[in-house]
Amino acid sequence: MITWKITQNLTDALDPEWDELVKLSLGERVHEGRRRGFILSRSALLECLVNNGDSPTINQLRIKDYSFLENYPRLTLSLSHTDGCGAAVVGQRNIFRSLGIDIERQNRDVKDSVIERIAHPMDESLRNIELWCLKEAVYKALMNSNLFSSSVEFSSIQIKDKYWLHPPSQLSGEWTLHSIDSFILAIASLKNEKLSPQDPVP
């Protein structure tokens, strides 16, 4: 089962525990916009954990390698944030090898020239912002799998109807797309059963 949440409002942004977590993760000097995005995405993560029946504290939200929650090793996760909103998705590691999430504003201008660089000839016909969001989410799912020693090219990812393919690694998974107020959210998953017995992809 996958749990995802988005957060737009922070009721406890001044809690000193947030400052401690920000310093541990990002260092002493952090731009306010980056700090807010960091807290928004982790606030969404906090909601996911509560929804799953856990009772986490802020200082238990330490993440390693983008997808490993030190205090909840049974889970895999992905985070995203954009101006004014944070998002998180979590799933059980015994079911999912990895997850990816991306959130953007609906009115973000993704130029055709960008799409030309990231598109695959077999992609579904989607709005530019939808394709961008999905490619980002799938990219995160692939990179969070720890099967790759170098970055995956967006153009090597195929976005099909409700599923995605990465022919170079023969990996595939599912995706969902959600419109929420002025935001668009993409989630991609890679289940453990989809893995073929092979060495990490070079």
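Two rings of Phe, Tyr or Trp (for Trp, its six-membered ring) are taken as a pair if their centres lie within 6.5 Å, and the pair counts as stacked when the planes are under 30 degrees apart, as edge-to-face when they are over 60, and as tilted for the rest. By this rule the count is 2 aromatic pairs, which are set out below.

| Pair | Centre to centre | Angle between planes | Kind |
|---|---|---|---|
| W132 and F154 | 5.7 Å | 45 degrees | tilted |
| Y139 and F154 | 5.3 Å | 45 degrees | tilted |

The model is a predicted one, in which local features need pLDDT of at least 70 and side-chain atom pairs count only at pLDDT 80 or more, while totals for chains, interfaces and linings use all residues. Residues are numbered from 1 along each chain as its sequence is written, and side-chain values use heavy atoms, with hydrogens and water left out.

Helices (H or I, at least four residues) and strands (E, at least two) are DSSP runs numbered from the N terminus. W132 lies in helix α4 (residues 128-143) and F154 in the loop between α4 and β7 (158-159), so that this pair links parts of the chain 22 residues apart. Y139 also belongs to helix α4, and its pair with F154 therefore ties together parts that are 15 residues apart in sequence.

W132, Y139 and F154 form one aromatic cluster. Buried means under 20% relative accessible area, exposed over 50%, and partly exposed in between (1.4 Å probe, protein chains only). W132 counts as buried because its relative accessibility is 16%, F154 is buried at 14%, and Y139 is buried as well.
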